[in-house]
Amino acid sequence: MADVHAKIPLTGGSDFWHTPAIPEADLPELMWTDGPHGVRKQSGSTDHVGINSSEPATCFPPAVGLASSWNPGLLERVGVALGEECRALGVGVLLGPGMNIKRSPLCGRNFEYFAEDPFVAGELASALVRGIQSQGVGTSLKHFAVNNQETDRMRRDSQVDERTLREIYLRGFGKVVLSAQPWTVMCSYNRVNGTFASENHWLLTEVLRDEWGFEGVVVSDWGAVWDRVRALKAGLDLEMPANRTHEDGVREALAAGGIDEATIDRAFGRIERIVRRAAASLADAPDSFDVAGHHALARATAEQCIVLLANDGVLPLARETTVAVVGEFARTPRYQGAGSSRVNPTRLDNALDAIAALVGHEVPFAPGFATAAGQELPADAREQAVAVAKDADVVLAFLGLGENHESEGYDREHADLPEEQLTLLEDILAVNPNVVVVLSNGASVLLPFADRVRAIVEGWLLGQAGGGALADVLYGVVNPSGKLTETIPHRLADVPSYLYFPGDDSGVRYGEGLFVGYRGYDALGTDVAFPFGHGLSYTTFAYSDLSVTATDGGLSVAVTVTNTGSRAGREVVQAYASIAGSKVVRVPRELKGFASVTLEPGASARVEIAIPAAELAFWSVQDHAWVVEGGEYTVEVGSSSRDLRLSGTVAVAGDEPFRPLTLASTVAEGMSVPAFAEVVGRMAGDAFGSDPDLMKMMESMPLAALAGFSGQSPRQLQALLDHVNAVRQAAQG
């Protein structure tokens, strides 16, 4: 196809969900649709905020739930099912998964993201991408990048220093691109250090393509393109949905020499490849999927997503225990997020019916409070709930956030549960102290009652089969094994990003730097309600015989885990690494590996975790490269970031690049080089005598300034530096 003008339409959608057919190239249209935890195929009126209906599809747990499983194999199975449903529904690209870091619990879209940590987010997202794409369906890794809030999301400038950007906010994206090659990456709305993501050549070309080797299509978030010409030149390929004015602008720019044919050809070629790839997959697609089988998978998945935050032994419940259920969420579940990811489920289970089925009879129930705007309850709804709770052996209080409390498009104003729910809980505790709180929420909430209830079950958002999974966990049919991927603080003011979120018209400054989530809490020694990685079980696990060894590829970690309780259970073993005496700013420890093991009572297993050398690297601003610092590394393993059972140390050689001494180097840096230390020491002595305080003050002085104090000329000192640098470089080979 030679006519470049005929290629321009493929750089924008034909409508809300399709890329256009190009008859001259025998290229069919391709449907894209929202995910990421289910297929939201709209066949009638279309929108990108979840207002209008869509065809039935399995609603799996959103990322906030999936992440708590810490189970890449499970997410890959979910991905396969999503891919199968896409094919049956004629969808070529599913828009997801979401990869943005949970910088603040207030972000309205946290339900769609995995974690406050890029390692676990990258591992889980990679698995989901592999599963979906194994079915010949594309994914769209989003939102690239630094889109960590909904407030003014379409304009706000995310201002992040280079090292933080690389180590926290881009690292997970890079992991997915390098390990799974998603068909597409979706750029975000916001600016990144002053430039809109859709027009950011450094982000879309230099990092994504040149460094990571991304081979697919860069698509805009819906409405994120301000100028298609600038976007195409920066590395964007596809504007969705199309803006015809922007298309005309490309034609005008082409005629005026403002964009060249090669840029349009390149974008066209990338889109053409995935359209043909998807079309081949859809050509022989079935017209249905295994509805019952996928619902069963959704339930099995939800079971591993539930986190038992606290339990004094009241759980699991015996079936003969007299329970009362309070809270509308038990009857009308909040099972997914609001906005563009809203899925029309094939069926929907609720916990109230599932509990009744387990115990063999109906259980006393009172809604207690409204869960949606406009919902009408009796005037004495609270009194009814208290009356139901009063005579029960155990009260199951289903609390949480409704869709109007968290959604795409706006952030939460606070991290509390609704006041009416907290008041009801206090009233119930006044008549019955045996309360188990079951939560439904898309992001962490503050839990001021944690020490006054007998157990807390974090149900997150569990998809269409979550009701049955919750009942199974409450009654011990399933042993909970989920772990937090976000810290739950005592106070919102304790959150490391608290002072900087969500910014103002001048932008949002990521002033906490590397100290996001558990990194910040640990650095300050802040007490938290429940730490990153935390999650209880109905059994117990012991750790023993830790081995940490250096290999050519990084570190090899092995530990024996034993089930010391009376129930079979799954444990997620987490490995955190740190280095003593680092030359750069470091957080106390970082997650670098994890693995899960399922054990019968009394059984033991050897769990092995490989930590690639690349995971030990920090981003060196000085070298503009990833660098593994040589030294003694400590690896700690355990059940959470603050339940670390064993530790071991190992020497790592490092790969620091040669850094020549210059006149801008400090005295301290010069003193670290033996070949130069004697000369520096003599010069310092000439300049300052033997006063130790003056010598210490001098350590931060540039060598150029020292030359002036000591009477040396810069030329003399530079000649010495050249000699020392040559000797050092020869010694390093």
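Two strands count as paired if DSSP finds at least two bridges between them. In this predicted model, strand S21, residues 569–579, meets that condition with S22: the two run antiparallel and share nine bridges. One of the residues involved is Gln574, whose bridge partner in S22 is Phe594.

S21 and S22 belong to an open sheet of four strands, ordered S22-S21-S26-S27, with antiparallel pairing. The edges are formed by S22 (590–599) and S27 (643–652); each has a single partner strand, so one side of each lacks a neighbour in the sheet. On average, neighbouring strands of this sheet are turned by 20° against each other, direction ignored. In general, the strands of a sheet pair through backbone hydrogen bonds, in either a parallel or an antiparallel way.

The protein chain as a whole contains 21 helices and 27 strands. Its radius of gyration is 28 Å, close to the 27 Å that the globule rule gives for 733 residues, so the chain is as compact as a globular protein of that length. Of the contacts between residues at least 6 apart in sequence, 75% join residues at least 24 apart.

Further values for the protein chain are listed below.

| Property | Value |
|---|---|
| Box filled by the C-alpha atoms, along the principal axes | roughly 95 × 70 × 45 Å |
| Buried residues | 60% of the 733 residues |
| Accessible surface | about 26,900 Å² |
| Part of the accessible surface belonging to carbon and sulfur atoms | 50% |

Conventions: Residues numbered from 1 in each chain as written. Predicted model: local features only at pLDDT ≥ 70, side-chain atom pairs only at ≥ 80, totals over all residues. Heavy atoms only, no water. Axes fitted to C-alpha atoms, helices over the stretch in contact; angles between N-to-C directions. Rg over C-alpha atoms; globule rule 2.2 N^0.38 Å. Buried < 20%, exposed > 50% of the residue type's maximum accessible area, 1.4 Å probe, protein only. Contact = heavy atoms within 4.5 Å. Areas by Shrake-Rupley, 256 points an atom, 1.4 Å probe, with all protein chains shown as cover.
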